[in-house]
Amino acid sequence: MRPEKKLNVKESFIKKLLDEKLFVSIVSYSNFDSIQRFEFQNSLRKLGFKAKFIHNKRLKNSLIGSKYDNINHIFQGKVVLIYPQSNGDISAQKEFIKFIGLSPQMFLLGCIIDGQYFQTPLMVKQVQELPELFENQAMIYQYMVNPSENCASLFNYNSRKLKEFLMRNSISLLNSLNSKL
């Protein structure tokens, strides 16, 4: 058996961050000077996110032998891990992804969701197009109300048709029954 590798403080922080946060995005960046880096971190803070600028070698070392070992190859160049200050705000995540997409100096490499699932930029884009909670609730309500109205209309329509048929044909039905008796 291979001996367990000891992680230093920064490596264990990175591993803990990937394991415990519900949403961690991996972003490649280029040409940040200290002022741009400060402005970037301020913009993230306003959106409710924090950034951890990392060295690829340190990140790759912390991922060896873990469940993230298979995504080690995506860490090329300058990489920053961005995670929310509080978990569970999907609308903030959508705003963040839009923010990253508007910057020419950044490129989204992917996201780790719930410490288990790696999503590529294409998958993240598809998640962006999903409706928000309020929109989902409104759609569910419409789906629940419309079919019941449609079913009631269908029953009402069929009962009216049956009634019309019986009214029109009741005399002929009575005559045919009388003739057979």
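In what order do the five strands sit in the open sheet? I read it off as S2-S3-S1-S4-S5, with antiparallel pairing.

**Ground rules.** I noted that this is a predicted model, where local features need pLDDT of at least 70, side-chain atom pairs count only at pLDDT 80 or more, and totals for chains, interfaces and linings use all residues. Residues are numbered from 1 along each chain as its sequence is written, and side-chain values use heavy atoms, with hydrogens and water left out.

**Overview.** I looked up the element list and found six helices and five strands. Both are DSSP runs numbered from the N terminus, at least four residues of H or I for a helix and at least two of E for a strand. From the N terminus the elements go α-β-α-β-α-β-α-β-β-α-α. Next came contacts (heavy atoms within 4.5 Å): of those with a separation of 6 or more, 78% are between residues 24 or more positions apart.

**Sheet.** I took strands as paired if DSSP finds at least two bridges between them. Strand S2 (49–54) and strand S5 (117–119) are at the edges with a single partner strand each, so one side of each lacks a neighbour in the sheet. Neighbouring strands are turned by 25 degrees against each other on average, direction ignored. For angles I used lines fitted to C-alpha atoms, for helices over the stretch in contact, with values from 0 to 180 degrees between N-to-C directions.

Then I went through the pairs. S2 and strand S3 (residues 79–84) run antiparallel and are joined by six bridges; Phe-49 stands opposite Pro-84 in S3. S1 pairs with S3 over four bridges, also in the antiparallel sense, and there I found Val-27 opposite Val-80. S1 and S4 are antiparallel too, with seven bridges; Phe-23 faces Ile-113 of S4 across that pairing.

**Strand S1.** Is S1 enclosed or left open by the rest of the structure? Seven of its seven residues are buried, so S1 is largely enclosed. Buried here means under 20% relative accessible area, exposed over 50%, and partly exposed in between (1.4 Å probe, protein chains only). Phe-23, Ser-25, Val-27 and Tyr-29 are buried on one side, and Val-24, Ile-26 and Ser-28 on the other. For the chain of 181 residues, the buried share is 29%.

**Helices on the sheet.** I checked which strands the helices lie across. Helix H2 (residues 34–47) lies across S2, S3 and strand S4 (106–113), at about 145 degrees to S2. Helix H4 (residues 90–102) lies across strand S1 (23–29), S2, S3 and S4, and runs at about 5 degrees to S1.

**H1 against H3.** The axes of helix H1 (residues 9–20) and helix H3 (residues 56–63) come within 9 Å and cross at roughly 65 degrees. From H1, I listed Lys-10, Glu-11, Ile-14, Lys-15 and Leu-18 in the contact; from H3, Arg-58, Leu-59, Asn-61, Ser-62 and Leu-63. They divide into four nonpolar, two polar and four charged. The classes: Ala, Val, Leu, Ile, Met, Phe, Trp, Tyr, Cys and Pro are nonpolar, Asp, Glu, Lys and Arg charged, and the others, Gly among them, polar.

**Salt bridge.** How many salt bridges does the structure hold? I found one, counting a side-chain nitrogen of Lys or Arg within 4 Å of a carboxyl oxygen of Asp or Glu. Lys-98 pairs with Glu-95, their closest N and O atoms 3.8 Å apart. Both are in helix H4, three residues apart, which means a separation of about one helical turn. Glu-95 has 41% relative accessibility, so I put it down as partly exposed.
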